[in-house]
Amino acid sequence: MQKNDIIELDITAMSSEGSGIGRYEGLAVFVPMTALGDKLRVKILKVKSNCAFGKIEEIITPSNSRVESDCEVFSKCGGCVFRHISYSEELKIKQQRVEDAVKRIGCVDKPSNEIVSNLKINGYRNKAQYPISADCSVGFFANHSHRIIPCQNCNLQPEEFSKISAVLTEWMKKSGNTPYTEETGKGLIRHLYIRKAFATGQIMVCLVINGNSLKYENELVLALKELLGEKLKTVVLNINKNKTNVILSDKCKTIFGDGYIYDTLCDTKIRINPLSFYQVNRDMAELLYKKAEEYVNPKDKTVLDLYCGAGTIGLSMAKKAKKIIGVEIIPEAISDAKFNAENNNIQNAEFICGDAKEAANKLAQKGIKPDAVIVDPPRKGCSAELLNIIAKDFCPKTLVYVSCDPATLARDIKILTELGYALKEYTPFDLFPRTSHVETVALMTR
């Protein structure tokens, strides 16, 4: 097989990134925007020693799960990967991906509970970060690229977001505030960043800028107030002068409101500022947190919540627990967690700013013995050192693992199994319909 070859291919599996996989002369071929059961003519774009990559030239026989995409930039934007298949098929793919990882990497042959499907597959995101194109319009980066694909009306966002982006575009053209160009490092406005609190309806608009201020910023605020009315609670500037592809800096300047909005999650009032970690899909996060609480069974227990962010998981079960100890390395998140505890009159929660492994080690040296431990690590999962401290020094009867990556979850399940824990059950959650991402809550017992 060589580059530019045209081959016939049957799609028999799906990759973790949502591409279809077929085999040709024993070699795995990855093809995006395909579906299980497709029979295709595929043009080969790249050949490596262990796999190849191609694109669809012709659909010979379509899969029964294929549907018409409802997004005009689906094939270009780097966000969704499953708009061409039915939602029921997407759920099967995601559940299978989690189960396969647990069996293949975690070495545990145990099926998951049925994946918890989303309450709605469009308009569920409470957060958007739009790069600004040269003509002042908003969009998203193409897959594996920083090329902006114009897209004002994204199906995953609330309807207010497209209206806000239209107001920004018009204001930029009138005010002379220029879009930032990544290649040169010149220009002012880098990103439009919007957050909406679904339970309260409050909206935050944040502009990421390559400077200290805007021209005609009052006019922007007035235009947004006219559009959103009482929903608009704050407008913030995030000052990012670094020549980097990191979107946000740690410096914010409020030009309207208090600099934050409030939402309610699991009957807990949560303050959100531009730098706060907060689940993008609030409604599904509530279901996920309730499952975590079911697994923890926090009544009269001391619960250690590692990678706690703004404390949302721990605080959601604090009223039943004896004590919650949260650990997070980001100072702003710990500040949010402490505020949220105080604001909800929760007095049995303690929050520590520090690296999860180092903080866990210090707590162990103090003789802290939590009854249950929750870990909600980033995509890379937990370090072997941290898992060792949890298993050998804390020895909790219950460990609940909240994961955003099935592969690292499965890897850590294998480590914990070797340390004396057993996977009792696990439940996938579809927090991000039409994308490749899937969350999982796993219960491990000693």
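**A tyrosine and its sheet**

I started with Tyr193, which is found in strand 10; strands (E, at least two residues) and helices (H or I, at least four) are DSSP runs, numbered from the N terminus. I kept in mind that this is a predicted model, where local features need pLDDT of at least 70, side-chain atom pairs count only at pLDDT 80 or more, and totals for chains, interfaces and linings use all residues. Residues are numbered from 1 along each chain as its sequence is written, and side-chain values use heavy atoms, with hydrogens and water left out.

Is Tyr193 buried or exposed? I found Tyr193 buried, at a relative accessible area of 1% (buried is under 20%, exposed over 50%, partly exposed in between, with a 1.4 Å probe and protein chains only).

I then listed what Tyr193 touches beyond four places in sequence, including Lys127, Met204 and Pro274; contact means heavy atoms within 4.5 Å. From C-alpha to C-alpha, Tyr193 and Pro131 are 8.8 Å apart, though 62 residues separate them in sequence.

Next I zoomed out to the open sheet, where five strands run in the order 7-10-11-12-13 with mixed pairing (two strands pair if DSSP finds at least two bridges between them). Strand 7 (127–131) and strand 13 (252–257) each have a single partner strand, so one side of each lacks a neighbour in the sheet.

Lastly I checked strand 12 (residues 232–239), which is antiparallel to strand 13 and joined to it by five bridges. Val236 has Thr254 in strand 13 as its bridge partner.
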